[in-house]
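Work through the exercises below with the sequence and the model in view. Each task is followed by a solution in steps.

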Amino acid sequence: MNILKVSPYVYAGIVTPMVGRKVTNDKEVFEVIYKVLEMDTSITKKEIQGKSRSKRIREARQLFQYLCKHFTDCTLQQIGDETNKNHATALHSINLIKDIMSYNKKLIVKVVGLKAEINRIIQISQEQTIK
């Protein structure tokens with residue numbers, strides 16, 4: 001018997017709205033990333049899209065942009081538009097996260113965990129479509 005270990009994010013209702021359909025487009029992937037980041041950082045989609053430059057929100061926004069580039073084929077302009085920033089800001093955020101990960105083990109662990117969780121949620125949504 002194969003028992004699927006379900007993460008706390010699934011219990012929090014992230015996958016529930018996706019039951020019966022695949023995460024197929026970039027907007028749906030954006031929503032998954034927003035929800036995983038919100039569960040991890042307690043920063044909402046509205047705050048990520050806002051104008052605040054506080055360190056806590058800025059870092060979540062930068063992580064969001066980095067994860068969007070990793071999980072989608074969106075252009076920098078599309079990622080910037082999603083966060084109400086321009087393409088240069090998105091590029092800077094992505095490069096900044098990569099640079100910091102080169103020496104900050106805590107950030108590496110955090111990003112690897114977020115990527116794994118996002119992959120898990122997308123995979124679960126696709127498996128539920130098959131059943």
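**Exercise 1.** How many residues does the largest nonpolar core have, and which of them have the most contacts inside it?

*Solution.* Begin with the ground rules. This is a predicted model, in which local features need pLDDT of at least 70, side-chain atom pairs count only at pLDDT 80 or more, and totals for chains, interfaces and linings use all residues. Residues are numbered from 1 along each chain as its sequence is written, and side-chain values use heavy atoms, with hydrogens and water left out.

Step 1. A nonpolar core is a set of buried Ala, Val, Leu, Ile, Met, Phe, Trp, Tyr and Cys residues joined through side-chain atoms within 4.5 Å. Buried means under 20% relative accessible area, with a 1.4 Å probe and protein chains only.

Step 2. The largest such core has 30 residues, and I33, F64 and I118 have the most contacts inside it.

Step 3. At least two residues of this core come from each of α2 (26-41), α4, α6 and α7. The helices are DSSP runs (H or I, at least four residues), numbered from the N terminus. With eight residues, α4 gives the most to this core.

**Exercise 2.** Which residues does I118 touch, not counting residues up to four places away in sequence?

*Solution.* Contact means heavy atoms within 4.5 Å. By this rule I118 touches V32, I33, V36, L67 and F71.

**Exercise 3.** How many aromatic pairs does a search of the whole structure find?

*Solution.* Step 1. Rings of Phe, Tyr and Trp (its six-membered ring) pair if their centres lie within 6.5 Å; planes under 30 degrees apart count as stacked, over 60 as edge-to-face and the rest as tilted. The search finds two pairs.

Step 2. F30 and F64 form a tilted pair, at 5.9 Å centre to centre and 55° between the planes. F30 lies in helix α2 and F64 in helix α4, so this pair ties together parts that are 34 residues apart in sequence.

Step 3. Y34 and F64 form a stacked pair, at 4.2 Å centre to centre with 15° between the planes. Y34 is in helix α2 and F64 in helix α4, so the parts tied together here are 30 residues apart in sequence.

Step 4. F30, Y34 and F64 form one aromatic cluster.

**Exercise 4.** Are Y34 and F64 buried or exposed?

*Solution.* Y34 has 2% relative accessibility, so Y34 counts as buried. F64 has a relative accessible area of 0% and is buried.

Note on methods: Buried means under 20% relative accessible area, exposed over 50%, partly exposed in between (1.4 Å probe, protein chains only).
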